[in-house]
Amino acid sequence: MGNLEVLTLYKLIILYMLDKVDYSLTKSQVFDFMLDKNYTDYFTLQKVMNQLTDDMLIESKFKRNASHLTITEKGKETIELLKSDISEPIRTEIDNYLTDNEVRLRNEVSISADYYKSTTGEYVAELTARERNVDLVSIKITMPTEEAASEICNNWQKKNQDVYAYLMESLL
């Protein structure tokens, strides 16, 4: 298989992964899958990812210190036409990975916590829980120190379900 064919296969694998989910995947999640399966190396993946973005087959948005990837309409059309070029064993591997790791993958992209310094000098922690690209809850909390804002963000990652359940119980 020539280098061009191999790069095309990597592009198709990424498009197939993004087409199979109804949420974004992070670049790190895609890379983890590809590298764990020893399909290729990091630098080749970076090149492939840039080509997919340049060709407008995928969209990359930087949120919460991570690049979130979604497939575009052009990407969907492309994978629909060419998914048979991915071998059945590779498609099965991808399908199994996405099924086996769905909860973890969703949680990694649906729970966000970040903070920034406001114009008043305080720190604002922004906490969000999403499901299917819809915000379930979004909270902004102003804190006096960066350490406090950081701690709130870390705790949100661990305790978001408890906080959401508490809010629902208290407000309904």
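Seven bridges join β4 to β5, and the two strands run antiparallel. Two strands count as paired if DSSP finds at least two bridges between them. The names come from DSSP runs, numbered from the N terminus: helices are H or I runs of at least four residues, and strands are E runs of at least two. Within this pair, A113 stands opposite L127 in β5.

Before going on, a word on the source. This is a predicted model, where local features need pLDDT of at least 70, side-chain atom pairs count only at pLDDT 80 or more, and totals for chains, interfaces and linings use all residues. Residues are numbered from 1 along each chain as its sequence is written, and side-chain values use heavy atoms, with hydrogens and water left out.

Back to the hairpin of β4 and β5. Five residues lie between its strands, and G121 takes a positive phi near 95°. S118 is also found in the loop between β4 (111-117) and β5 (123-131). Is S118 buried or exposed? With 17% relative accessibility, S118 counts as buried. Buried means under 20% relative accessible area, exposed means over 50%, and partly exposed is in between, using a 1.4 Å probe and protein chains only. The side chain of S118 is joined to that of T120 by a polar contact of 2.8 Å. A polar contact is a pair of N or O atoms within 3.5 Å; within protein, one must be able to donate a hydrogen and the other to accept it, and residues adjacent in sequence count only if both atoms are side-chain atoms.

Next, the open sheet. Its three strands come in the order β1-β3-β2, with antiparallel pairing. β1 (25-26) and β2 (58-63) stand at the edges with a single partner strand each, so one side of each has no neighbour in the sheet. Between β1 and β3 (residues 66-71) there are two bridges, and L25 has L69 in β3 as its bridge partner. Between β2 and β3 there are six bridges, and here E59 stands opposite T70. As background, side chains in a regular strand alternate between the two faces of the sheet.

Now the helices. How do α5 and α6 pack? Helix α5 (residues 88-100) and helix α6 (residues 102-110) meet at an angle of about 65°, and their axes are 4 Å apart. Axes are lines fitted to C-alpha atoms, for helices over the stretch in contact, and angles run from 0 to 180 degrees between N-to-C directions. The two helices are therefore roughly perpendicular to each other. From α5, the contact uses Y97, L98, T99 and D100; from α6, it uses E102, R104 and L105. Contact here means heavy atoms within 4.5 Å.

One more residue: L82, in helix α4 (residues 73-82). L82 is partly exposed, with a relative accessible area of 33%. Its C-alpha atom is separated by 17 Å from that of E93, eleven residues apart along the chain.

Last, the whole protein. It has seven helices and six strands. From the N terminus on, the elements run α-β-α-α-β-β-α-α-α-β-β-β-α. The C-alpha trace spans about 60 × 35 × 30 Å along its principal axes. Of the 172 residues, 40% are buried. Among contacts with a separation of 6 or more, 53% come from residues 24 or more positions apart.

Terms used
Angles under 35 degrees count as roughly parallel, over 145 as roughly antiparallel, 65 to 115 as roughly perpendicular and the rest as oblique.
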